[in-house]
Amino acid sequence: MIQVAILGAGSMGRTHTEAYLHFPDDCRITAVINPHKEKAEALIKDFHLNEANAYTSLKDAFAADHFDLVSICTPPALHFEETMDALQHGKHVLLEKPMASSLEECDQMIEAAKENNCLLSVVFQNRYKNENYRLHEMLTSGKFGSIRQAIVNSFWWRGESYYDIYWRGTWEKECGGVFTAQAIHHIDLLLWMMGKEPDKVSAMISNVGHHNSEMEDVGVSIWQYPDALAQLNASLVAFGQEKSLIFQTDKLKLSVPWDPTASLSRSNGFPLDDPETVKEASDYYHSIPVLPYEGHAGQIKDVLNYIKTMDSTYSSFTEHSDAHGHDKKGSEKKRIFATGVDGREAIEMIMATYKSAVEDHSVTVPLRKNDPFYQKSTMVKCMPHFHEKTRSVEQFDDTTMIL
């Protein structure tokens with residue numbers, strides 16, 4: 001039985017708690033930690049966590065309780081310190097996005113997980129949506145050719161007051177705007193689908209609708225591969241919040257939402273519908289079994305299973321597995337959930353996007369350790385202030401927020 005601590009009793013802490021409760025035979029929640037103890041106690045009461053104790057700090061929880069796994073559901077600027085503390089105490093970590101504030105912090109976290117033989121998994125629950133999972137299976141099957149072009153729309157909408165909460169709206173505390181807080185989900189999906197990082201990144205960012213934030217609320221990031229281009233459009237001012245992933249392969253268009261399209265060439269090069277290829281793709285898509293659990297519950301179930309079977313192979317797995325969860329030596333790894341390595345790749349794409357936008361040129365990936373966008377302190381100094389944060393509240397009256 002894996003014993004779990006929930007760090008952060010806000011909306012995401014509640015989301016994690018609800019997901020863990022799907023698996024009473026695998027785990028139990030024994031600790032809930034929040035600086036405002038009454039919020040931890042309220043979470044315990046609301047979910048009837050009869051075996052859980054409330055604490056105001058990780059330090060107190062370490063001293064008084066026993067647990068194996070920590071779910072970290074706190075603001076981004078706290079992720080590094082809390083994760084390092086947990087790993088150094090020998091605890092497995094399931095960490096909400098973004099993984100950290102910088103590539104330097106990511107590397108230290110990954111190293112700490114290896115040194116302490118602990119699992120470090122970053123929450124990218126959208127891998128566990130059946131439509132995304134099925135698309136990934138199709139793109140990596142090899143049956144439909146290589147990806148030639150990808151267009152991903154990560155469209156969200158938030159009102160001006162969204163940035164009034166105290167930890168949002170500054171580079172120092174939130175470490176990024178729409179790319180870091182929202183589009184990171186689609187950045188991870190794009191990396192997962194493409195199977196690797198690009199060679200170069202070109203980008204533009206701006207803030208067109210949120211005047212209490214230093215950071216970007218719109219942007220475009222273009223990724224160059226040897227034989228493909230991928231474009232990610234991010235917005236926090238998009239009414240309707242429509243999101244899509246479109247991949248043009250050698251044989252047809254594959255997408256989320258599902259809408260396969262294929263063409264044959266007429267003698268003059270103009271398109272002619274190709275229903276046979278569309279039927280082949282649709283049959284394959286619907287033959288892929290659905291996941292037993294979606295979203296956070298899906299990732300948490302896989303994390304629990306992985307912890308139960310962890311052995312000395314974990315270190316080599318984290319070092320050598322790619323974004324598909326395949327070992328680079330060729331052996332299959334049955335993993336959907338993201339490790340620290342995957343979380344780091346998403347941060348690298350964000351930092352390359354910011355660097356390209358700020359310096360106004362294409363950026364080569366990977367970023368080097370002497371790059372100013374490798375460390376948080378030097379990155380923050382480079383970033384523009386589109387506006388200045390002038391309003392700040394401890395919490396909203398309506399605490400039902402989707403981050």
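**Terms and their grounds**

Tutor: In this predicted model, Lys-129 is found in the loop between β6 and α6 (130-141).

Student: Why is Lys-129 called partly exposed?

Tutor: Lys-129 has a relative accessible area of 39%, and the term covers values between the buried cut-off, under 20%, and the exposed one, over 50%, so Lys-129 is called partly exposed.

Student: What is the distance in space between Lys-129 and Gly-295?

Tutor: Their C-alpha atoms are 6.0 Å apart in space, while 166 residues separate Lys-129 and Gly-295 in sequence.

Student: How do you know that strand β4 (residues 69-72) pairs with β5?

Tutor: Pairing requires at least two bridges, and 4 bridges join β4 to β5, so these parallel strands pair; within them, Ile-72 stands opposite Leu-95 of β5.

Student: Which way do the residues of strand β5 (residues 92-95) point, and are they buried or exposed?

Tutor: His-92 and Leu-94 point one way, Val-93 and Leu-95 point the other way, and all are buried, a term that stands for under 20% relative accessible area.

Student: Which helices belong to the right-handed β-α-β units that include β5?

Tutor: Helix α4 (residues 79-88) forms one such unit with β4 and β5, and helix α5 (residues 103-115) forms another with β5 and β6.

Definitions and conventions. Residues are numbered from 1 along each chain as its sequence is written. This is a predicted model: local features need pLDDT of at least 70, side-chain atom pairs count only at pLDDT 80 or more; totals for chains, interfaces and linings use all residues. Side-chain values use heavy atoms; hydrogens and water are left out. Buried means under 20% relative accessible area, exposed over 50%, partly exposed in between (1.4 Å probe, protein chains only). Helices (H or I, at least four residues) and strands (E, at least two) are DSSP runs, numbered from the N terminus. A crossover is right-handed if, with the strands pointing away from the viewer, the path from the first strand over the helix to the second runs clockwise.
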